[in-house]
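Here is a short briefing on one chain. It covers surface, fold and charge pairs.

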Amino acid sequence: MRGMSASPDFLALTERVERLLLRHAELQRAYELLQQERDHLANERDVLRSRLTAARQRLDTLIDRVPNATHYPDEEA
């Protein structure tokens, strides 16, 4: 090494590495937040699918209760 002082290139490189490390930490945090949001949305999707299935079952039950007459008594003409 040439003396105790750091060269301008080394200082610039050090600053660049520090910025990259900060950016990496920011990206890791953003990734974690996106994973949490994905998990939340998947859970919400599953709840909505379950509600849809339950609603379909209720509708099927109601449809089965409707009389299946081919004509009504008032229509005898």
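L13, V17 and L21 make a nonpolar surface patch of about 280 Å². Patches are made of residues with over 30% relative accessible area and no salt bridge, where nonpolar side chains (Val, Leu, Ile, Met, Phe, Trp, Tyr) are joined within 5 Å and like charges within 9 Å. This is a predicted model: local features need pLDDT of at least 70, side-chain atom pairs count only at pLDDT 80 or more, and totals for chains, interfaces and linings use all residues. Residues are numbered from 1 along each chain as its sequence is written, and side-chain values use heavy atoms, with hydrogens and water left out.

**Fold and surface**
- L13 lies in helix 1, residues 8–65.
- Of the 77 residues in the chain, 0% are buried (under 20% relative accessible area; exposed is over 50%, partly exposed in between).
- The chain exposes about 8000 Å², and carbon and sulfur atoms supply 57% of it. Areas come from the Shrake-Rupley method with a 1.4 Å probe; for residues, only the protein chains shown count as cover.

**Salt bridges**
- The whole structure holds 4 salt bridges (a side-chain nitrogen of Lys or Arg within 4 Å of a carboxyl oxygen of Asp or Glu).
- E26 pairs with R23, with the closest N and O atoms 3.4 Å apart. The two are 3 residues apart in helix 1, so about one helical turn separates them.
- E26 is partly exposed at 47% relative accessibility, and R23 is partly exposed at 44%.
- D39 and R38 meet in a salt bridge at 3.0 Å, N to O.
- R45 bridges to D46, with the closest N and O atoms 3.0 Å apart.

Terms used. Helix = DSSP H or I, 4+ residues; strand = E, 2+ residues; numbered from the N terminus. Buried < 20%, exposed > 50% of the residue type's maximum accessible area, 1.4 Å probe, protein only.
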